[in-house]
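Here is a short report on one protein chain. Look at the structure first, then read on.

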Amino acid sequence: MYQASSEIDTAAVSLPFMETLARMVVVPQAPKSAKLTRFGLLYGCSPGMRQVYKLIERVAQTEATVLIVGESGSGKELVANTIHRMSARSKEAFVALNCGAIPATLIEAELFGYEKGAFTGAAKTHRGYLERASGGTLFLDEITEMPLEMQVRLLRVLETGSFCRVGGDQEIAAAARIMAATNRDPASAVADNRLREDLMYRLAVFPITLPPLRLRGEDVELLARQFLADLNAEAGSDKVFSSASLALLGTHPWPGNVRELKNCVQRAFILADEEVELKELAPAVRASISEHGCLKFSIGTSLAAMERKTIFATLEHCSGNKRRAAEVLGVSLKTLYNRLAEYAAHSSEFETQRRETLAS
């Protein structure tokens, strides 16, 4: 049986955006007697998570490829890492590659590596992700963001168990176990021509679907309390949630899932003196979206406000994938990041002004 350490793994997180009120789901508050349990790098005691734990136990001792499906921030990489740590490959490397974070022109060289002189700038031989994960596990996050031509090459690796570096002709054994993840419905991704059907079936030998946080019931409050306890221990403080914050935990839809919850608790902790107020973290702008996915604007709405709402709604539509949202909006990824940074800065300034006003 896998024995986990007692420390929480709070891997890199980001803050996706609010779901529409029409999709808001009320989550019951955690019973006072409930205790947060840990399984590998995962936390939760809801029925949905207990089912995930059973699946992980089953597949960890095999060499089957795994396709993990879940919304952004739900913990897909933690599932993959837990499977790796419980497997016979646990002493070898766990290597993660975010397929959406690497430009299409570079992903081949990064995944397969390249030989010296393969192209301009290739001053020495480079071992790609597949080689670095040899003997261990290669986790391909957001597989639907991988270009289709690269999906063809990946499929060949899975079928033949070998590959060649860019610019080379020597076959190299692919000794890594492959796991992949997506925040999209695989069947829909195939229909949208974002995922090859043959690759989907090859990856989904053993699929695992992660439940979104809004459907995990008691886990919401338990996770929030755990994050707060960690922050208190780190800072040597004893801050507590206000009753209003605890009530909010059960009504917020958490579109960013555990990742969003952790970020919200951390930001509220920084702003708090004694009581942590999560209600201050509700986004200042929520896009009003109709049933057909259209935005509604009142006459007289400023262009800046319309732009802000459009960006938030597009990010929501793209499940928080900034690269995809930038493509849909017709702007560069840098422009999108600049806009989001401006909104975050203005939100911080507004909060500071509000506190100064209340104190005066």
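## Helix H3 and its surroundings

The buried residues of H3 pack against strand S4 (94-98), H4, strand S5 (137-141), H5 and S6. Contact here means heavy atoms within 4.5 Å. Helices (H or I, at least four residues) and strands (E, at least two) are DSSP runs, numbered from the N terminus. In H3, the buried residues are Ile107, Ala109, Leu111 and Phe112. Buried stands for under 20% relative accessible area, exposed for over 50%, and partly exposed for in between (1.4 Å probe, protein chains only).

An α-helix has 3.6 residues a turn, so residues three or four places apart point the same way. What follows H3? Glycine 113 does, and its phi is positive, near 80 degrees.

## About the model

This is a predicted model: local features need pLDDT of at least 70, side-chain atom pairs count only at pLDDT 80 or more, and totals for chains, interfaces and linings use all residues. Residues are numbered from 1 along each chain as its sequence is written, and side-chain values use heavy atoms, with hydrogens and water left out.

## The chain as a whole

The secondary structure of the protein chain comes to 13 helices and 11 strands. The protein chain has 360 residues, and buried residues make up 46% of them. Take the contacts between residues at least 6 apart in sequence: 72% of them join residues at least 24 apart.

The accessible surface of the protein chain is about 18,500 Å². Carbon and sulfur atoms account for 52% of that surface. Accessible areas come from the Shrake-Rupley method with a 1.4 Å probe; for residues, only the protein chains shown count as cover.

## Salt bridges

How many salt bridges does the structure hold? There are 13. A salt bridge is a side-chain nitrogen of Lys or Arg within 4 Å of a carboxyl oxygen of Asp or Glu. One of them joins the side chains of arginine 165 and glutamate 115 (3.0 Å, N to O). Arginine 165 lies in the loop between strand S6 (162-163) and strand S7 (172-173), and glutamate 115 in the loop between helix H3 (104-112) and helix H4 (129-132), so the pair ties together parts that are 50 residues apart in sequence. Arginine 165 is buried, at 17% relative accessible area. Another salt bridge pairs glutamate 171 with arginine 156, their closest N and O atoms being 3.9 Å apart. This pair links distant parts of the chain, 15 residues apart: glutamate 171 is in the loop between S6 and S7, and arginine 156 is in helix H5 (residues 148-160). Glutamate 171 is partly exposed, at 42% relative accessibility. Arginine 156 is partly exposed, at 42%.

Are arginine 216 and aspartate 219 buried or exposed? Arginine 216 is buried, at 3% relative accessibility. Aspartate 219 is buried too, at 0%. Their side chains meet in a salt bridge (3.0 Å, N to O). Elsewhere, salt bridges that share partners join Glu115, Glu131 and Arg165 into one network.

## Two glutamates between S5 and H5

Glutamate 145 sits in the loop between S5 and H5. Glutamate 145 counts as buried, at 14% relative accessibility. Which residues does it touch, leaving aside neighbours within four places in sequence? Glutamate 145 is in contact with Cys99, Gly100, Arg184, Arg194 and Asn321. From glutamate 145 to isoleucine 102 is 43 residues in sequence and 9.5 Å in space, C-alpha to C-alpha.

Glutamate 142 is found in the loop between S5 and H5. Glutamate 142 is buried, at 9% relative accessibility. Its phi is positive, near 50 degrees, in a residue other than glycine.

## Another positive phi

Most residues other than glycine have a negative phi, and most peptide bonds are trans. Asparagine 193 is not a glycine, yet its phi is positive, about 60 degrees. Asparagine 193 lies in the loop between helix H6 (186-191) and helix H7 (197-203). At 55% relative accessibility, asparagine 193 is exposed.
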